[in-house]
Amino acid sequence: MANVSFYAMSWDDIDAVVALEQATFSMPWSRDAFETELSSNPLARYIVMKEDGKFVGYAGMWFVLDEAHIMNVAIEASCRGRGLGKALMQQMLHIAASNGVESMTLEVRRSNCTARHLYAEFGFIERGVRPGYYTDNGEDALLLWLEDLARWA
């Protein structure tokens with residue numbers, strides 16, 4: 001991993017974020033969805049990750065009371081397998097903990113073993129299943145939680 005930096009997502013990042021979203025997910029968010037997150041969602045916190053100045057990933061979460069709900073996490077396909085996803089998650093945990101968040105949650109496809117392994121490394125545990133959550137194929141979502149974020153501040 002070379003020189004990695006993180007920034008709050010801005011309007012200048014929308015094209016890269018939407019392109020990565022479409023390349024990564026079978027049910028990608030639209031440009032309008034990301035624009036709404038930036039313009040009118042006070043709960044939203046989105047960051048972009050750059051390596052040597054080049055966009056390589058992004059992640060977003062909502063702060064709801066003392067919880068952070070992870071909405072999106074994506075790394076460019078050509079950059080995967082080098083620890084960038086782990087670095088991005090560490091940054092998300094730090095941001096959440098630094099803002100007084102006590103726990104973090106997310107949904108993940110049952111079949112997404114790579115993401116599930118990453119989340120398990122941070123201590124996320126399965127707390128439930130959302131049957132048929134993904135409308136593209138009816139796949140279940142696993143509901144994961146991480147408690148006690150104070151150590152990430």
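In β3, Trp 62 is the bridge partner of Ala 44. Strands here are DSSP runs of E with at least two residues, helices are runs of H or I with at least four, and both are numbered from the N terminus. The model is predicted: local features need pLDDT of at least 70, side-chain atom pairs count only at pLDDT 80 or more, and totals for chains, interfaces and linings use all residues. Residues are numbered from 1 along each chain as its sequence is written, and side-chain values use heavy atoms, with hydrogens and water left out.

**The sheet**

Seven strands form an open sheet with mixed pairing, in the order β1-β2-β3-β4-β5-β7-β6. The edges are β1 (4-8) and β6 (125-130); each has a single partner strand, so one side of each lacks a neighbour in the sheet. The twist averages 25° from one strand to the next. Two strands pair if DSSP finds at least two bridges between them.

| Strands | Bridges | Residue pair |
|---|---|---|
| β1 and β2 | five bridges | Ser 5 opposite Lys 50 |
| β2 and β3 | eight bridges | Ala 44 with Trp 62 |
| β3 and β4 | eight bridges | Gly 60 with Asn 72 |

The hairpin of β2 and β3 has two residues between the strands, and Asp 52 takes a positive phi near 50° there.

**Strand β2 and Glu 51**

Six of the eight residues of β2 are buried. Buried means under 20% relative accessible area, exposed over 50%, and partly exposed in between (1.4 Å probe, protein chains only). Glu 51 lies in β2. Its relative accessible area is 10%, so Glu 51 counts as buried. The Glu 51 side chain makes a polar contact with the side chain of Arg 82, at 2.6 Å. A polar contact is a pair of N or O atoms within 3.5 Å; within protein, one must be able to donate a hydrogen and the other to accept it, and residues adjacent in sequence count only if both atoms are side-chain atoms.

Angles run from 0 to 180 degrees between N-to-C directions, with axes fitted to C-alpha atoms, for helices over the stretch in contact. The buried residues of α3 include Leu 84, Leu 88, Met 92 and Ile 95. After α3 comes Gly 100, whose phi is positive, near 80°.

**The cores**

A nonpolar core is a set of buried Ala, Val, Leu, Ile, Met, Phe, Trp, Tyr and Cys residues joined through side-chain atoms within 4.5 Å. The largest has 33 residues; Met 61, Met 89, Met 104, Tyr 119 and Phe 124 touch the most other members. α3 gives this core its largest share, nine residues. A second, separate core has twelve residues, among them Val 18, Leu 20, Phe 55 and Ala 74.

Contact means heavy atoms within 4.5 Å. Not counting residues up to four places away in sequence, Met 89 touches Ile 70, Val 73, Met 104, Leu 118, Tyr 119, Phe 122 and Phe 124.

**Met 71**

Met 71 sits in β4. Met 71 is partly exposed, at 29% relative accessible area. Beyond its neighbours within four places in sequence, Met 71 is in contact with Trp 29, Tyr 46, Gly 60, Met 61 and Trp 62.
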